[in-house]
Amino acid sequence: MKGLGTSIVTIIIPLWLISSIGGYFEKSLYEVFKTEYVFTVEYNVETYFAIIIFLSIIIGVLEESNVWKVLGKSLRLALLIISFLLIYTLLGGGIFSRTVIVSNVTAEVTIDLRLILYAYSFLIVLPTVIATLIEIFSLSSLEK
Amino acid sequence: MKETGTLIKLLGYALALLIFLVLLIEMFSLVSDLGRENFKAKIANIECVRGNGGLEFNIEVSYNGQRVLKNFKVFLKIENILKSYFTNLEHNETVSLTIKVPLEYLGNIFYENTSLILGFEFDYDGIIPLKIAFSDFKNAYGIKIEPLKVSYTAYDSEYSVTMNATIVNSLPLEICGEVIFIALNYFKKSNITLMPCSITVLNLPTVNVPKKDLERGVEFSINLLVEGKVVSSRTILIKV
């Protein structure tokens, strides 16, 4: 359960927040410019949520076992890093660019939300990686 | 050891939450400013400078929101980026900026159809960078055909119609082309040279139009061709 909780806090909530902000921006552009351009939300985050929850449960089971504890923590670390890379790719590096048509003039609106990705990488991913590594080292030294 | 890890994690999560909240508030404010059309950028005037002067765009930008638009820039992009800077745009502030497009780029825009992009970019409250770039605004500059007046002379069953028109060349380029005039069965093709930043009066032929046709309306069409391509066109419906 603890592993699942960590995955929810470190992967699912940030991914949901970031995709919600991106989606909100797209929807707002559609409403503000009253354009007939149809925006398509390219990322289906629910599928990733399901995969991450499923993997987190399996990893969580491994973490409960005394024998597979270190392997479970290492896998959780790998899942976190893979999820970060996935979020980074899904959000196109944090720059949202969309084309709208205003009074027959084509306009490209670009918003730079890299700050969110920096905050996610330095304040969520990095501390979690450090804390997990500390846990793995302390577990390894106990076993010795 | 374990407590240190937990402390690092908690500190990171708390700071991240704070940043997410700040960004969310800023996003709401930004979208509300966009919705109320608080950002405005319009071309106030386009000045054609003869010689090697190029084209000067006078752009008026204003902000009526409550925040600060830091590093506000208006830019024109043609091949290389040309930028005009203005530092910060505060609440209820209007600023006029002038951007010059050099002569060498104008030739490419006119003859090679290179796109010209006008846009502005700023850091909303110094936090969220936003850029809006407009393209295809060629109607604002270039060559325009303007009808002046139409004169009629009535006969028994037909009218003699003479249309006067001008070609406004708002580019500092000398342009050689052909004018094609079409009205009913009339077709006239003539060579023309447009001087830089000038207005040229067109000598159009008098057309005899049957009375009943003129009552229904007759289309007079003028096209300007440069290197075989239509660069400006105007069709006027004449009716009595």
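Okay, one definition before we look at anything: a helix here is a DSSP run of H or I with at least four residues, a strand is a run of E with at least two, and both are numbered from the N terminus. And please keep in mind that this is a predicted model.

With that in hand, let's go to helix α1 of chain B, which covers residues 2-35. That's 34 residues, and from the first C-alpha to the last the helix reaches 49 Å, close to the 50 Å expected at 1.5 Å a residue. Which residues of α1(B) are buried? They are B:Lys9, B:Gly12, B:Ala16, B:Phe20, B:Met27, B:Leu30, B:Asp33 and B:Leu34. A handy bit of background: an α-helix has 3.6 residues a turn, so residues three or four places apart point the same way. Just after α1(B) comes B:Glu37, with a positive phi of about 55°.

Now chain A. It has four helices and two strands, and if you read along the sequence you get α-α-α-β-β-α. The chain has 144 residues, and 27% of them count as buried. Take the contacts in chain A with a separation of 6 or more: 69% of those come from residues 24 or more positions apart.

So how do the chains meet? The contact takes 29 residues from chain A and 31 from chain B. On the chain A side, α1 (2-32), β2 (105-112) and α4 each supply at least two residues. The largest share comes from α4(A), with 14 residues. Sort the chain A side by class and you find 21 nonpolar, five polar and three charged residues.

β2(A) is joined by six bridges to strand β7 of chain B, residues 128-135, and the two run antiparallel. If you want one pair to find on the screen, look for A:Glu108, whose bridge partner in β7(B) is B:Ala133.

In soluble globular proteins, nonpolar side chains tend to be buried together. Here the largest nonpolar core has 49 residues, and the ones with the most contacts inside it include A:Ala119, A:Tyr120, B:Ala16 and B:Phe122. Which element gives the most to this core? That would be helix α4 of chain A, residues 114-143, with six residues. Zoom in on B:Phe122: leaving out residues up to four places away in sequence, B:Phe122 touches B:Leu69, B:Lys70, B:Asn71, B:Phe72, B:Lys73, B:Leu89 and B:Leu130. There's a second, separate core too, with 18 residues, among them B:Val161, B:Val179, B:Leu194 and B:Val207.

On to the domains of chain B. Domain 1 is 36-140 and domain 2 is 143-238, and their centres, taken over C-alpha atoms, are 34 Å apart. Where they touch, 12 residues of domain 1 are in contact with seven of domain 2. On the domain 1 side, β1 (39-49), β2 (54-63) and α2 (103-111) of chain B give two or more residues each, and α2(B) gives the most, with five. By class, that side divides into eight nonpolar, three polar and one charged.

Last stop, a hairpin. Strands β10 (175-183) and β11 (186-194) of chain B pair in the antiparallel sense over nine bridges. B:Ile182 stands opposite B:Phe187 in β11(B). Two residues sit between the strands, and in this hairpin B:Leu184 takes a positive phi near 50°. Okay, over to you!

Note on methods: Residues are numbered from 1 along each chain as its sequence is written. Chains are lettered from A and ligands numbered from 1 in the order in which they are written. This is a predicted model: local features need pLDDT of at least 70, side-chain atom pairs count only at pLDDT 80 or more; totals for chains, interfaces and linings use all residues. A nonpolar core is a set of buried Ala, Val, Leu, Ile, Met, Phe, Trp, Tyr and Cys residues joined through C-beta atoms within 7 Å. A residue is buried if 20 or more other C-beta atoms lie within 10 Å of its own, exposed if 12 or fewer, and partly exposed in between; C-beta atoms are placed from the backbone. Two residues are in contact if their C-beta atoms, placed from the backbone, lie within 7 Å. Ala, Val, Leu, Ile, Met, Phe, Trp, Tyr, Cys and Pro count as nonpolar, Asp, Glu, Lys and Arg as charged, and the others, Gly among them, as polar. Two strands pair if DSSP finds at least two bridges between them. The expected span of a helix is 1.5 Å times one less than its number of residues. Domain bounds come from an automatic or database domain assignment.
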